[in-house]
Amino acid sequence: MAQKKINYLARNFADVRSELFTFIKKYYPEIFSDFSDSSVGTMMIELNAAVADMLSYHTDRMYNETQIEYAQERKSLLSMARTMGIKIPGQRPAVTLVDFQVTVPVFGDSYDTRYTPVLRSNAQVLGGGQVFENLEDIDFNSPFTAGGIPNRTIVPNFNGNGDLVNYTLTKRELVVNGKTTYFSKSISPSDVKPFLQLVLPQTNVLSVDSIITLENPTDGIPNLDVFNNPQFRWYQVDSLAEDKVFVDDNSRTSDNKSITPAKWKNVTQRFITEYTDTGYCKITFGSGTGNETSPIIDIANNYGNLINTTALGEIPKEGNTMYVKYRVGGGTGSNIGPGAITSLGNFSLEVDGPNSTISSRVSKTLRVSNPIPAVGGSNSPSLEEIRNLVKYNFASQNRATTTKDYVAQVLRMPGKYGLPFRWSVEEISNKIVITTIGLNAENKLTNVSSSTLKQNLSTWLADYRMINDYVEITDGKVINLGLDLDIFVDKSFNQSEVVNNVIRSVIEYFDVKKWSMGQDIFVSNLVETINNVGGVLNLVNFKVNNLVGGNYSNNRTNQTTLSFDDQSIPAVYGLDMSDYTIFGQNNGMFEIKNPNRDITVRVKTN
């Protein structure tokens with residue numbers, strides 16, 4: 001008998017129906033010949049064609065879900081992202097700056113440091129129907145943030161007789177939308193299994209801040225010290241294969257109390273987080289209960305022990321109680337305008353002065369306001385956003401192979417361990433040189449960065465650098481400038497006001513927060529800024545000086561000088577402005593240190 005053949009290209013209902021009719025007519029004409037619509041045989045053929053059409057549709061659909069361009073299910077795109085090593089976030093919170101103000105009594109010719117409070121982390125500030133929290137303690141006795149950036153102002157207050165009565169201390173700190181929430185779970189025998197997964201009950205989880213397990217559960221929620229205790233704590237990592245985390249180093253003393261010394265620590269109590277396709281946050285723990293820290297090589301004879309290893313982390317122990325501290329909130333609704341945050345929610349303000357009455361009075365003076373809008377809040381990424389994240393991103397492997405990678409890794413170091421105000425990365429003679437510049441309490445550039453910060457950076461980068469990279473972290477150069485200006489002023493304007501406005505415009509132009517290390521300054525832009533000041537008819541003379549020595553930096557610019565006076569303190573070096581550019585240095589940054597003294601404006605009238 002000849003082999004019967006069918007057409008495998010038929011994929012939809014009509015084509016399959018037609019192909020079945022042709023097949024029967026060709027091979028079974030004596031058995032079935034009634035192809036009318038009312039025939040029972042036609043009904044059976046059409047049922048088969050319908051089944052084939054559905055199978056074909058679902059085969060195509062399942063194949064499409066494996067292709068980044070055509071996938072339509074969220075879980076498919078999340079699976080691709082996981083394969084590519086990309087973590088897709090959930091809802092994101094808005095962030096803003098808030099001015100925290102307290103009033104403290106006078107002591108001598110300054111404020112009484114004994115009554116400067118500490119506002120504990122997770123203090124709630126409210127506004128626009130939203131809750132925001134500070135993520136680090138706020139110490140009003142420190143002029144710096146937790147990362148070492150100056151952020152405090154001090155304003156004296158006088159009574160009607162001109163007597164000094166108290167001081168207002170203001171700390172401008174970052175706050176993040178969201179509310180701290182807790183979840184607890186008893187570890188039952190059925191939970192003691194490799195890669196235990198725990199799904200938090202809300203769909204708007206922003207982050208998991210801390211997880212602890214206790215053998216003896218407490219009444220209610222443990223306090224913050226227990227959550228931070230390394231004996232009980234589980235650490236979040238990007239993948240369970242990572243066995244080191246960056247933590248506080250209590251064996252070292254910091255030279256800047258705003259910066260915490262840090263070190264890498266090997267841990268087995270670790271977990272990862274990811275978001276499900278339905279928006280819930282899923283926590284996954286490790287796979288082992290044994291004491292082995294690396295997989296067993298003899299897989300054939302020790303397959304069970306291969307899983308029972310802490311190389312991928314530990315399994316929570318039976319009978320323990322797990323407490324999860326996490327934050328919920330975020331979304332586009334968390335974006336609010338400036339001045340919206342005006343009230344306080346739950347907070348802990350510690351004032352430990354010797355007089356309890358005064359301490360209580362100080363604690364009641366806490367006020368808050370946001371000078372800028374809260375921005376950055378967004379909903380979970382859409383399908384198209386996830387698609388593009390997967391298409392145009394590759395797993396970085398968290399390795400620094402180029403100078404740009406080193407720049408990115410410096411930014412990734414947790415803020416409590418410090419962050420240079422400005423930094424640059426260069427490759428010099430096959431050596432990676434990272435140059436840092438800091439700010440002091442007066443918001444002035446400083447040549448000498450905190451040694452704790454530099455040590456933290458060195459420790460942090462040691463885990464990411466290539467094995468043959470030599471990394472040097474050094475201090476940058478602050479180059480102090482002075483300006484001599486001659487201007488024509490319209491006679492109808494008050495000369496003093498015009499001069500003050502010119503100085504103010506120059507100060508704003510040279511604001512160090514607007515500039516980076518190594519950036520050139522184009523004088524033509526500055527000249528245009530000055531000429532746009534009301535009352536200025538023309539800038540007729542412009543001289544830039546490099547001030548060196550005395551109360552100024554000892555660093556000189558590499559730019560050619562036309563004149564100099566090294567007999568005075570500071571020495572004054574007039575720069576060559578033929579190119580109308582102040583040329584930057586990769587390891588340096590410009591600053592006008594004392595604007596009221598270093599900017600000279602002479603007036604001419606027409």
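Predicted model: local features only at pLDDT ≥ 70, side-chain atom pairs only at ≥ 80, totals over all residues.
Helix α1 (residues 13-27) and helix α2 (residues 40-64) pack at an angle of about 135 degrees, their axes 8 Å apart. Axes here are lines fitted to C-alpha atoms, for helices over the stretch in contact, and angles run from 0 to 180 degrees between N-to-C directions. The arrangement of α1 relative to α2 is therefore oblique, the class left over when angles under 35 degrees count as roughly parallel, over 145 as roughly antiparallel and 65 to 115 as roughly perpendicular. On the α1 side the contact (heavy atoms within 4.5 Å) is made by Phe13, Val16, Arg17, Leu20, Phe21 and Ile24. On the α2 side the residues include Ile45, Ala49 and Asp53. By class, this contact of α1 with α2 comprises 9 nonpolar, 2 polar and 3 charged residues; Ala, Val, Leu, Ile, Met, Phe, Trp, Tyr, Cys and Pro count as nonpolar, Asp, Glu, Lys and Arg as charged, and the others, Gly among them, as polar.

Residues are numbered from 1 along each chain as its sequence is written, and side-chain values use heavy atoms, with hydrogens and water left out. Helices (H or I, at least four residues) and strands (E, at least two) are DSSP runs, numbered from the N terminus.

I turn to strand β11. Of the 10 residues of β11 (residues 205-214), 8 are buried, so the strand is largely enclosed by the rest of the structure; buried means under 20% relative accessible area, exposed over 50%, and partly exposed in between, with a 1.4 Å probe and protein chains only.

Pro222 lies in the loop between β11 and α4 (224-227). At 7% relative accessibility, Pro222 counts as buried. Leaving aside residues up to four places away in sequence, Pro222 touches Ile212, Leu214, Phe227 and Tyr323.

Finally, an open sheet of 3 strands has the order β6-β3-β19, with antiparallel pairing. β6 (138-139) and β19 (349-350) stand at the edges, each with a single partner strand, so one side of each has no neighbour in the sheet.

Conventions
Pairing = 2+ DSSP bridges.
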